[in-house]
Amino acid sequence: MPIFHSCAGEVICILHKISTEKNVIHVLRLKTHVKICGLEAHPSVGHCLISVLVDIGRVFDAHEVFDRMPCRNELLWNSIILGYFKHQEFRHILIVYKEMK
């Protein structure tokens, strides 16, 4: 398990770095790599990936990551709702809110 956490930490660092560049292609490539490696289910990686996707305007990709999360905590719910709010997708906020109940 320590290797998994080590990889997760590295992926989070990379996500933070590329999020400042706002490079959609790099983020989407890393999203694919994270999914293939199975790190998407890691709560911290999933949250960071959702946040970065929202920041670059890919809120529906962020929701795709959110949907695949095996365990959704308050931080994840808040991130996806805030992402839809940030991009004025109010109808989707209501859908997610109803799903949360």
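This is a predicted model: local features need pLDDT of at least 70, side-chain atom pairs count only at pLDDT 80 or more; totals for chains, interfaces and linings use all residues.
**Helix pairs**

Two packed helices are described by the angle between their axes and the distance between the axes.

| Pair | Angle between axes | Distance between axes |
|---|---|---|
| Helix 2 (residues 24-37) and helix 3 (residues 43-55) | about 155° | 11 Å |
| Helix 2 (residues 24-37) and helix 4 | about 10° | 12 Å |
| Helix 4 (residues 59-68) and helix 5 (residues 74-86) | about 160° | 10 Å |

**Helix 2 with helix 3**

The angle of about 155° is over 145°, so helix 2 and helix 3 are roughly antiparallel. Helix 2 passes helix 3 in a left-handed crossing. From helix 2, the contact takes in Val27, Leu28, Lys31 and Val34; helix 3 supplies Val45, Leu49, Val52 and Leu53. By class, this contact has seven nonpolar residues, no polar residues and one charged residue.

**Helix 2 with helix 4**

The angle here is about 10°. Helix 2 is therefore roughly parallel to helix 4. On the helix 2 side, Leu28, Lys31 and Lys35 take part. They meet Asp61, Glu64, Val65 and Arg68 in helix 4. The contact of helix 2 with helix 4 holds two nonpolar, no polar and five charged residues.

Asp61 belongs to helix 4. Its relative accessibility is 14%, under the 20% cut-off, so Asp61 counts as buried. Leaving aside residues up to four places away in sequence, Asp61 touches Leu28, Lys31 and Leu53. Leu28 and Lys31 of helix 2 also contact helix 3, where Leu53 is one of the contact residues.

**Helix 4 with helix 5**

Helix 4 and helix 5 pack at about 160°. That makes them roughly antiparallel to each other. Helix 4 passes helix 5 in a left-handed crossing. Val59, Phe60, Ala62, His63 and Phe66 form the helix 4 side of the contact. Leu76, Trp77, Ile80, Gly83 and Tyr84 form the helix 5 side. The contact of helix 4 with helix 5 divides into eight nonpolar residues, two polar and no charged.

**Aromatic rings**

A pair of aromatic rings is described by the distance of the centres and the angle of the planes. A search of the whole structure finds three aromatic pairs. One of them joins Phe85 and Phe90, with ring centres 6.0 Å apart. Their planes lie at 65°, over the 60° cut-off, so the pair is edge-to-face. Phe90 has a relative accessible area of 47% and is partly exposed.

Key:
Residues are numbered from 1 along each chain as its sequence is written. Side-chain values use heavy atoms; hydrogens and water are left out. Axes are lines fitted to C-alpha atoms, for helices over the stretch in contact, and angles run from 0 to 180 degrees between N-to-C directions. Helices (H or I, at least four residues) and strands (E, at least two) are DSSP runs, numbered from the N terminus. Angles under 35 degrees count as roughly parallel, over 145 as roughly antiparallel, 65 to 115 as roughly perpendicular and the rest as oblique. A crossing is left-handed if the near helix is turned anticlockwise from the far one by less than a right angle, and right-handed if clockwise. Contact means heavy atoms within 4.5 Å. Ala, Val, Leu, Ile, Met, Phe, Trp, Tyr, Cys and Pro count as nonpolar, Asp, Glu, Lys and Arg as charged, and the others, Gly among them, as polar. Buried means under 20% relative accessible area, exposed over 50%, partly exposed in between (1.4 Å probe, protein chains only). Rings of Phe, Tyr and Trp (its six-membered ring) pair if their centres lie within 6.5 Å; planes under 30 degrees apart count as stacked, over 60 as edge-to-face and the rest as tilted.
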